[in-house]
Amino acid sequence: MKTAGIILILLLGVWLSAAETVRAVLFPFREAVIAARVDSRLQPYNFRIGQAFKKDAVLAVLDKEKFQLEYTRSKSQYEFALASFENKKRLRERNFTSDYELKKAEFEMRMNKTAVEETALALSYCDISAPFDGRIVEIMTREYEIVRPGQPLCRIIDDNFLLAVMNVPLSQKKLTSVGNKVEIKLDSGVVASGEIYEVFPQADHRTGTVRIRVKIDNRDGRLTSGMTGELHYGN
């Protein structure tokens with residue numbers, strides 16, 4: 001009986017230790033699927049998978065020839081309509097034309113100006129720019145394929161910061177307050193520190209835990225999204 005009691009105590013200790021173990025997984029701070037916004041042909045990507053880029057960097061370019069021609073044509077039409085409007089104004093000042101003709105010329109000038117702005121916008125969509133610093137992690141459309149508006153081109157992540165996602169006990173008040181510092185011992189042996197970035201507003205009644213996200217500075221690139229580890233209670 002004495003031996004059985006010792007074994008029971010040891011097993012209980014192991015169970016309690018396991019219950020206190022909080023596993024964490026690292027995710028990118030941000031990610032996005034970049035899609036085409038106009039019909040065209042995709043030119044070669046400017047960055048390879050895993051290569052870092054800065055915000056506003058041009059990730060790839062769509063064939064601009066059609067849009068450049070449309071922009072040049074609309075700009076010429078606007079310049080002609082503007083000159084015609086200015087001429088109508090001078091004629092109206094000398095009563096050589098009517099208010100109707102002047103308003104008509106003004107309307108045509110404004111319509112052509114709008115066309116220039118629209119074609120300029122479409123032309124700008126041919127440069128596929130990065131919305132934030134990051135890396136390409138997946139190519140979803142191959143180079144030289146014809147793309148349509150809304151078609152996914154690539155998936156990018158911002159791993160300059162990482163979010164360690166984990167479920168922590170509600171009883172640990174330190175772990176459920178935004179801004180508190182915590183440490184995570186990764187399975188690779190590295191200890192990463194960060195601060196609690198988000199605490200989910202709903203707990204899991206079955207486990208008595210709540211999900212949190214810890215923001216970790218990774219601008220030195222030493223950590224990788226997908227790494228796993230355990231919450232380090234020694235902090």
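**Close-ups of a predicted model**

**View 1. Asn95, out in the open.** Asn95 is exposed: its relative accessible area comes to 60%, and the cut-off for calling a residue exposed is over 50%. Keep in mind that this is a predicted model. You'll find Asn95 in the loop between α2 and α3. Take a look at its backbone too: phi is positive, about 60 degrees, even though Asn95 is not a glycine.

**View 2. Tyr144, another residue with a positive phi.** Here phi is about 75 degrees, and again the residue isn't a glycine. Tyr144 sits in the loop that runs between β6 (134-139) and β7 (146-147). With a relative accessible area of 49%, Tyr144 counts as partly exposed, because exposed means over 50%.

**View 3. Gly50 and its contacts.** Gly50 belongs to the loop between β2 (40-41) and β3 (52-53). Its relative accessible area is 36%, so it is partly exposed. Leaving aside residues up to four places away in sequence, Gly50 touches Arg135 and Ile136. Now find Ile156: it is 106 residues from Gly50 in sequence, yet their C-alpha atoms are 9.3 Å apart in space.

**View 4. Helix α3, end to end.** This helix covers residues 99-124, which makes 26 residues. At 1.5 Å a residue it should span 38 Å, and the C-alpha atoms at its ends are 37 Å apart, so the two values agree.

**View 5. The buried residues of α3.** Which residues of α3 are buried? They are Leu102, Ala105, Met109, Asn112, Val116, Thr119, Ala122 and Leu123. Their cover includes α2 (65-93) and β5 (127-129).

Methods
Residues numbered from 1 in each chain as written. Predicted model: local features only at pLDDT ≥ 70, side-chain atom pairs only at ≥ 80, totals over all residues. Heavy atoms only, no water. Helix = DSSP H or I, 4+ residues; strand = E, 2+ residues; numbered from the N terminus. Buried < 20%, exposed > 50% of the residue type's maximum accessible area, 1.4 Å probe, protein only. Contact = heavy atoms within 4.5 Å. Expected span 1.5 Å × (residues − 1).
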